[in-house]
Amino acid sequence: MTHRQVQSADIDVSRTDAAAAHVSNSAPIGLDNFDESVLSFNALAPRKVFTGHPLLHFEKDNAMRDFYPLIKAMEFRKFCLFIANDEGLSIVVDDESYQQAVARIQVDNFKKWVIKPGHESVEFRILMSDLLESLTVFGRDDTTPLTCTYPFEGAEVTFEKQKEHVYVAFEVKTHFLSTKLDFEFAEEDVECRIMINLRPDILHDIIKDLDKSAQTVLVKITNDSLEFLTSGELGKVQIAIPNTSEIIDEFTLTGREIALRYKISLMQRMVQALHFCDRVSIRVDTRGVLCAQFIASQTNLMNNYIEYFIVPDMYDCSSDEAEDIEV
C-alpha cells in the first residue's frame, strides 16, 4: 500500500527496543528516513486515549519550518528540556556545567496553548533525536501542524502530525532532570551590551575561524572596541571590531573594561545559530557570564530568539595578562 493509497489509516509510531522493532507489512511506504531499529509502525492500530485534562497541550502551525532551525542550532547534547508557562515555550539544552542554550518561542506563535489550571509552569525532558524525528516525519518541506500533549508528570509526551490521510503519533519517553543551570540575567548586573547586525557575516567568520589550538579566547570589551585575542599554533592573533563599525548598532559599557577568557569549543557551538539570524545581542554580567542572543530571521516567529550562556574559563583576567597577549 503506497503513501497515496492510504485513506483513513492511523499509523501509531512508538519507541521500541531494537530487538523487538518491526515494520508492519501493511504500513504505507513514502515516510522517509525512519530507522527500523528504533521505530515500529502499526497501521490501523488502536491508540490509548487520555481523557483527562493534560498538563500541557499545544498546536503549532508550520512547526517544521519554525522549530527545526532553532533546534538544530542547539544540538550539542542528547537531551533537551521543555519549560512551558503563560509566556510560551522555552527549549533548553545545557552541558550541566559551562554552557546553556535556550530557544524561546512566545505564546502568540501557537495556534493552541493550554496549561492545566493551577500550574504556573510545566517541565519535561526528552531526547533531542526524538524531537527532531517528530518534526521531520513528513520531510524537510513539511508545513503541517505539530500537536503536543503531556498528560501528567512522568508520562510519555505525544507529538502528533497529520498529512492528508496519514496520521503519525510519536509517544516519547520523558526523563528525570538531574540538574538545571540558572543563567538568568538581572538587568542591574549587566556590565555591557552590544548589538551587532550580521549582514556582512563578520562575527560568524570570526568565531568559526578561532585558532582551536589556543583552547581559549580572550574577549576584551573597552569603550572603543570589541576584541578577540588568541595565542596558539597560529601565533598571537588579535581581531578588533571598533564601536564605530557599520555592523555595530549599539555599544554600551556601563562599568569597568572587560577582559575574560572563554573556551573556544563552547564559543564555536554558536556558529550554527549564526546561520539563520540577522542580529546578535551580546551581554556580559558581573559574574562574567557571556550571553549571546540570536534573533531569528529565517522563520515567521515573532519576538523569538536563541540565547547561549557561557561561563568564563577564568573568573578574572588581569589587565597585565590582557596586555601581554596583544599583538
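Let me start at one residue. Ile258 sits in strand β17. Keep in mind that this is a predicted model. Is Ile258 buried or exposed? Its relative accessible area is 4%, so Ile258 is buried, the cut-off being under 20%. Now look across to Asp285. In sequence, Ile258 and Asp285 are 27 residues apart. In space, their C-alpha atoms are 10.0 Å apart.

Gly255 lies in the loop that links β16, residues 248-253, to β17. Gly255 has a relative accessibility of 41%, so it counts as partly exposed; that class runs between 20% and 50%. Its C-alpha is 9.7 Å from that of Thr286.

A quick reminder on pairing. Strands of a sheet pair through backbone hydrogen bonds, either parallel or antiparallel.

Strand β13 covers residues 216-221, and β14 covers residues 225-232. Four bridges join β13 to β14, and the two run antiparallel. If you want a contact to click on, find Lys220. Its bridge partner in β14 is Glu227.

Next, β12. This strand spans residues 190-197. Seven of its eight residues are buried, so β12 is largely enclosed by the rest of the structure. Which strands does β12 pair with? One is β18, antiparallel, over seven bridges. Asn197 stands opposite Arg279 of β18 there. Another is β16, also antiparallel, over five bridges. In that pairing, Arg193 has Thr252 of β16 as its bridge partner.

Two cysteines to look at are Cys192 and Cys277. Cys192 is buried, at 1% relative accessibility. Cys277 is buried too, at 7%.

On to β9, residues 146-150. Five of the five residues in β9 are buried, so the strand is largely enclosed by the rest of the structure. Which way do they point? Leu146, Cys148 and Tyr150 go one way, while Thr147 and Thr149 go the other. Both groups are buried.

β9 also has partners. Strand β3, residues 56-60, is joined to β9 by five bridges, and the two run antiparallel. Lys60 stands opposite Leu146 in that pairing. Strand β10, residues 157-163, pairs with β9 as well, over three bridges and in the antiparallel sense. There, Cys148 stands opposite Phe159. β9 and β10 form a hairpin with six residues between the strands. Within this hairpin, look for Gly154, which takes a positive phi near 90°.

Eight of its 10 residues are buried, so α1 is largely enclosed by the rest of the structure. The buried residues include Phe67, Tyr68, Leu70 and Ile71. Asp66 is buried as well.

Last stop, the cavity. How many cavities of 30 Å³ or more are there? The count comes to one. The largest cavity holds about 90 Å³ of space. Its lining has 13 residues. Which of them lie nearest the centre? Those are Ile207, Met267, Met270, Ile282 and Leu290.

Where does the lining come from? Helix α3, residues 202-208, supplies at least two residues, and so does each of β14, β18 and β19. β18 covers residues 277-285, and β19 covers 290-296. The largest share comes from β19, with three residues.

To close, two things to take back to the viewer. β18 pairs with β12 over seven bridges, and β18 also supplies at least two residues to the cavity lining. β14 is joined to β13 by four bridges, and β14 too supplies at least two residues to that lining.

Technical notes:
Residues numbered from 1 in each chain as written. Predicted model: local features only at pLDDT ≥ 70, side-chain atom pairs only at ≥ 80, totals over all residues. Heavy atoms only, no water. Pairing = 2+ DSSP bridges. Buried < 20%, exposed > 50% of the residue type's maximum accessible area, 1.4 Å probe, protein only. 1 Å grid on protein atoms, 1.4 Å probe; cavity = no way out; pocket = protein on both sides within 12 Å on 5 of 7 lines; lining within 4 Å. Points joined across faces, edges and corners; volume = space filled by probe spheres on them.
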